[in-house]
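Here's a quick briefing for anyone opening this structure for the first time. Have a look at the sequence and the model, then read on.

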Amino acid sequence: IDNRARFGGGGICWGYDCNPVVAENTITGNVAWEGPGGGIYFDGDQPVSNRAPAGRVGFVAHNLVAGNSAVEGGGMYFYYWGFFTVTSNLVKGNTAVERGGGVSCALTTLDFWNNTIS
């Protein structure tokens, strides 16, 4: 709650060769003032191992993601070489300067279902 980051991931940031599970959290009031992902940010760019992109999988479920802000993907931002299941989240009242006030995704795959975006 109420965290700040200059570039990506005001609340949570993970990247490269990890397989995150983010479940049953309250992620609110966070800011990434010069980058993406005010609440949650995944950056799969520039791998640190030789694993294939299919090795980067994540699970984001049953979270409240509210009142976050960023340049892009105010609530959640998923970028590059990932495969994510994003389910049963309440994403509300987030803002972005450019794309995706609630959720933004680029160059990655989302299995996105049963979420409320408001």
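**Cysteines, core and strands**

Let's start with a cysteine: Cys105 is partly exposed, at 37% relative accessibility. Keep in mind that this is a predicted model.

**Cysteines**
- Cys13 also counts as partly exposed, and its relative accessible area is 45%.
- How many disulfides does the structure hold? The count is zero.
- For anyone new to the term, a disulfide is a covalent bond that links the sulfur atoms of two cysteines.

**The nonpolar core**
- The largest nonpolar core has twelve residues, among them Trp14, Ile40, Phe42, Met76, Phe78 and Phe84.
- Several valines belong to this core too, including Val22, Val60, Val65, Val86 and Val91.
- Which strands each supply at least two residues of this core? They are β6 (40-43), β10 (76-79) and β11 (83-87).

**Strand β6 and Phe42**
- Ile40 and Phe42 point one way from β6, while Tyr41 and Asp43 point the other way.
- Are these four β6 residues, Ile40, Tyr41, Phe42 and Asp43, buried or exposed? All of them are buried.
- β6 pairs with strand β2 (residues 12-15) in the parallel sense, over four bridges.
- Within that pairing, Trp14 has Phe42 of β6 as its bridge partner.
- β6 is also joined to β10 by four bridges, and these two strands run parallel.
- Over in β10, the residue standing opposite Phe42 is Phe78.

**The open sheet**
- Four strands form an open sheet in the order β3-β7-β11-β15, and the pairing is parallel.
- β3 (21-23) and β15 (109-113) sit at the edges with a single partner strand each, so one side of each has no neighbour in the sheet.
- From one strand to the next, the twist averages 10 degrees.
- β11 and β15 pair over five bridges, in the parallel sense.
- Phe84, one of the core residues, has Leu110 in β15 as its bridge partner.

Technical notes:
Residues numbered from 1 in each chain as written. Predicted model: local features only at pLDDT ≥ 70, side-chain atom pairs only at ≥ 80, totals over all residues. Heavy atoms only, no water. Core = buried A, V, L, I, M, F, W, Y, C linked by side-chain atoms within 4.5 Å. Buried < 20%, exposed > 50% of the residue type's maximum accessible area, 1.4 Å probe, protein only. Disulfide = S-S within 2.5 Å. Pairing = 2+ DSSP bridges. Axes fitted to C-alpha atoms, helices over the stretch in contact; angles between N-to-C directions.
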